[in-house]
Amino acid sequence: MAVYKVSFVVTGTDHPGAIRNQDHQPQPGERVQIGADWVEVLEALELAPQRGGFHYFHVTCRLLSTEERPDAPISTGGR
């Protein structure tokens with residue numbers, strides 16, 4: 001099984017980001033929870049060729065607003 005070592009950088013904020021192991025390649029548009037925050041992947045770049053079962057990626061993300069979060073309550077439009 002391949003392991004994807006992913007460095008997450010959150011642009012435009014002082015968010016510390018993260019480094020984590022994943023079982024899949026990161027994709028633009030993917031939403032990921034980092035701690036209590038949710039981010040959307042904007043760009044995913046492979047840093048180096050695969051070595052053994054390891055892939056290395058750098059991911060640039062944006063912080064999602066409360067309304068954009070996958071766990072946000074569904075609005076009924078005031079009904």
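Begin by selecting Arg62 and Glu40, which form a salt bridge whose closest N and O atoms are 2.9 Å apart. The two residues belong to distant parts of the chain, 22 residues apart: Arg62 lies in strand S5 (residues 54–63) and Glu40 in strand S4 (residues 37–51). A salt bridge here is a side-chain nitrogen of Lys or Arg within 4 Å of a carboxyl oxygen of Asp or Glu. Strands (E, at least two residues) are DSSP runs, numbered from the N terminus.

The model is predicted: local features need pLDDT of at least 70, side-chain atom pairs count only at pLDDT 80 or more, and totals for chains, interfaces and linings use all residues. Residues are numbered from 1 along each chain as its sequence is written, and side-chain values use heavy atoms, with hydrogens and water left out.

Now display the surface. Glu40 is buried, with a relative accessible area of 16%, whereas Arg62 is partly exposed at 25% and Glu68 is partly exposed at 26%. Buried means under 20% relative accessible area, exposed over 50%, and partly exposed in between (1.4 Å probe, protein chains only).

Finally, select Tyr4 in strand S1 (residues 3–10). Tyr4 counts as buried, at 12% relative accessibility. Leaving aside neighbours within four places in sequence, Tyr4 is in contact (heavy atoms within 4.5 Å) with residues including Arg20, His24, His55 and Phe57. The C-alpha atoms of Tyr4 and Tyr56 are separated by 5.9 Å, although these residues are 52 residues apart along the chain.

Conventions. Helix = DSSP H or I, 4+ residues; strand = E, 2+ residues; numbered from the N terminus.
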